[in-house]
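Here are my notes on the structure you sent. They are set out as numbered points, each on one topic, and can be read alongside the sequence and the view below.

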Amino acid sequence: MSRHQQHPFEEVLSVSMEDLRMTFRAMDNAPWTDFLLNPRRLRGSDFLMRWSQGVWSEERLTQAVNATRRYVALPYGPSGTAPDNDVRAFELYFERLEKAGLGHLKRPDLLICRAKDKGRVDSVVQALGGIPELPFTPEDDPRMQDLLAHAVIAVECENSLWRARQMPDYASPLTPQKRLGGRDGLKKTAVVPTIIIKEEDRQPLKSWQKTRKIPIHVWHAFFDEAYGISLADAERLFARGDIEATEQVFQAPGGATTRKVIYKIYYRHAYPLAATIEEPKLIADSITDKNGHILPYVRFVGGKARLSEQALTVLDSVQEEP
């Protein structure tokens with residue numbers, strides 16, 4: 001199934017089957033697997049946890065950027081600007097995008113701007129009707145042009161339900177690999193923090209970057225750490241053969257599966273982005289459907305992260321580029 005056949009709500013909440021098997025392999029079939037959230041089915045708490053963790057990780061990165069007082073992070077893409085405290089409101093937001101013909105619009109999730117420009121950025125956003133209206137506004141609108149002119153970089157956000165430092169091959173060094181033509185890498189079965197880029201997103205992101213003349217970075221958040229890499233550096237790794245494409249099966253909330261080509265960039269190729277300095281609370285929550293069925297899940301609340309000095313150096317260097 002291509003991304004253009006899949007509803008954007010399902011696209012955003014699609015989960016790697018590999019992650020589902022490893023995270024929920026101990027769970028038996030649950031009576032709420034036929035839970036109905038009109039008009040799509042959320043099959044189990046895994047997808048609600050995916051939504052909650054995605055929202056939390058993006059908010060955590062935004063908090064870490066804002067805490068530097070040198071830069072501010074602004075939600076920009078459809079998933080970043082969607083409601084973050086109600087999964088039903090989240091779904092309805094994507095319904096509205098779909099009806100407007102904008103459901104598959106590809107924009108980065110965040111814009112990173114200089115803190116000194118925050119007043120101007122806030123004024124532009126207010127004039128556009130607020131952050132939730134950004135995906136509904138064409139980028140050739142003069143006000144959007146003004147907003148984009150203040151961006152240092154744009155960010156595509158990814159996240160994983162893992163503690164990076166506890167992954168089995170976290171400390172493994174890169175060594176020459178036969179399948180990579182002798183280039184340094186890790187064994188195929190290595191379980192290590194990676195930054196994931198989907199093949200289907202590469203061209204849309206590169207086109208956006210070229211058109212808007214704003215560098216895109218991919219930030220991948222884990223529970224305890226986060227890593228970043230510029231799209232340009234990622235493309236160089238692909239071109240050199242340092243990172244090979246792999247195929248993975250993803251499952252959407254409605255149950256449909258699709259095979260996608262992805263790239264897993266070892267964290268050693270990336271820059272340390274942020275570290276968790278205050279862990280979130282994991283709070284039990286639930287949703288009740290129109291028939292009275294209850295679907296429990298775990299919600300991520302609070303926590304803090306600190307942006308690394310390396311990340312600040314990256315932002316500073318971009319700022320200094322002509």
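1. Which residues in α6 meet which residues in α7? On the side of α6 they are Arg120, Val121, Val124, Val125 and Ala127, and on the side of α7 they are Arg143, Asp146 and Leu147. By class, this contact of α6 with α7 has five nonpolar residues, three charged ones and no polar ones. Please keep in mind throughout that the model is predicted.

2. The geometry of this pair comes next. Helix α6 covers residues 118-127 and helix α7 covers residues 142-149. The two pack at an angle of about 155°, and their axes are 10 Å apart. Because angles over 145 degrees count as roughly antiparallel, α6 is described as roughly antiparallel to α7. The crossing of α6 with α7 is left-handed.

3. The loop between α6 and α7 holds threonine 137. Is threonine 137 buried or exposed? Its relative accessibility is 10%, so threonine 137 counts as buried; the cut-off for buried is under 20%. Leaving out residues up to four places away in sequence, threonine 137 touches Arg107, Leu128 and Met144.

4. The crossing of α8 and α9 is left-handed. From α8, the contact uses Arg202, Leu205, Lys206 and Gln209, while α9 supplies Leu231, Glu235 and Phe238. Sorted by class, the residues in the contact of α8 with α9 are three nonpolar, one polar and three charged.

5. With a relative accessibility of 11%, phenylalanine 238 counts as buried. Not counting residues up to four places away in sequence, phenylalanine 238 touches Ile197, Arg202, Ile243, Tyr263 and Ile265. Arg202 is also one of the α8 residues in the contact described in point 4.

6. Isoleucine 265 belongs to strand β13, which covers residues 257-266. Its relative accessible area is 0%, so isoleucine 265 is buried. Apart from neighbours within four places in sequence, the contacts of isoleucine 265 are Pro193, Thr194, Ile195, Ile197, Ile229, Ala234, Leu237, Phe238 and Ile243.

7. Most residues other than glycine have a negative phi. Arginine 69 is not a glycine, yet its phi is positive, at about 65°. Arginine 69 lies in the loop between α3 (45-67) and β4 (71-75). Its relative accessible area is 75%, so arginine 69 is exposed.

8. The other case is lysine 213. Its phi is near 55°, again a positive value in a residue other than glycine. Where is lysine 213? The residue lies in the loop between α8 (199-212) and β10 (216-221). Lysine 213 counts as exposed because its relative accessibility is 71%, and the cut-off for exposed is over 50%.

9. Last, the chain as a whole. How many helices and strands are there in the chain? There are 10 helices and 17 strands. The chain has 322 residues, and 52% of them are buried. Among contacts with a separation of 6 or more, 74% are between residues 24 or more positions apart.

Notes:
Residues are numbered from 1 along each chain as its sequence is written. This is a predicted model: local features need pLDDT of at least 70, side-chain atom pairs count only at pLDDT 80 or more; totals for chains, interfaces and linings use all residues. Side-chain values use heavy atoms; hydrogens and water are left out. Axes are lines fitted to C-alpha atoms, for helices over the stretch in contact, and angles run from 0 to 180 degrees between N-to-C directions. Helices (H or I, at least four residues) and strands (E, at least two) are DSSP runs, numbered from the N terminus. Angles under 35 degrees count as roughly parallel, over 145 as roughly antiparallel, 65 to 115 as roughly perpendicular and the rest as oblique. A crossing is left-handed if the near helix is turned anticlockwise from the far one by less than a right angle, and right-handed if clockwise. Contact means heavy atoms within 4.5 Å. Ala, Val, Leu, Ile, Met, Phe, Trp, Tyr, Cys and Pro count as nonpolar, Asp, Glu, Lys and Arg as charged, and the others, Gly among them, as polar. Buried means under 20% relative accessible area, exposed over 50%, partly exposed in between (1.4 Å probe, protein chains only).
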